[in-house]
Amino acid sequence: MPTSTGGVTIEELRDILIRCAGEVEGLDTSGDILDLNFDDIGYDSLALMETAAALQRQFGVQLSDEEAMSLRTPRELLDVVNAQLAGQAP
């Protein structure tokens, strides 16, 4: 399911999350994870910082550690990343 801005898709984000933090036991990451809280799906602050670094390398977006830590769901992360890619303020 692509995002509305045509930027980073949930599939691309899912791949990055798994690459940075691994699969979470008992979680079906192939399902709809957009609105699941990162804490609930087992992604801690280190995983989010690694994800932000991977997004920077792969897509050129800049997320500070504080900004990455303030995001609670994959949807929020995609919104910020795709706003940057579209040249909008997040």
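Mentor: Helices (H or I, at least four residues) and strands (E, at least two) are DSSP runs, numbered from the N terminus. This is a predicted model, in which local features need pLDDT of at least 70 and side-chain atom pairs count only at pLDDT 80 or more, while totals for chains, interfaces and linings use all residues. Residues are numbered from 1 along each chain as its sequence is written, and side-chain values use heavy atoms, with hydrogens and water left out.

Trainee: Which residue follows α4, and what is its phi?

Mentor: Gly 87 follows α4, and its phi is positive, near 80 degrees.

Trainee: Which residues of α4 are buried?

Mentor: With buried meaning under 20% relative accessible area (1.4 Å probe, protein chains only), the buried residues of α4 are Pro 74, Leu 77, Leu 78, Val 80, Val 81, Asn 82 and Ala 83. These buried residues pack against α1, α2 and α3 (65-70), where contact means heavy atoms within 4.5 Å.

Trainee: Where is Thr 73 placed, and what does Thr 73 touch?

Mentor: Thr 73 lies in the loop between α3 and α4 and is buried, with a relative accessible area of 11%. Leaving aside residues up to four places away in sequence, Thr 73 touches Leu 34, Asp 35, Leu 36, Asn 37 and Phe 38.

Trainee: At what angle do α1 and α2 pack?

Mentor: Axes are lines fitted to C-alpha atoms, for helices over the stretch in contact, and angles run from 0 to 180 degrees between N-to-C directions. Helix α1 (residues 10-21) and helix α2 (residues 45-59) pack at about 125 degrees, with their axes 9 Å apart.

Methods. Buried < 20%, exposed > 50% of the residue type's maximum accessible area, 1.4 Å probe, protein only.
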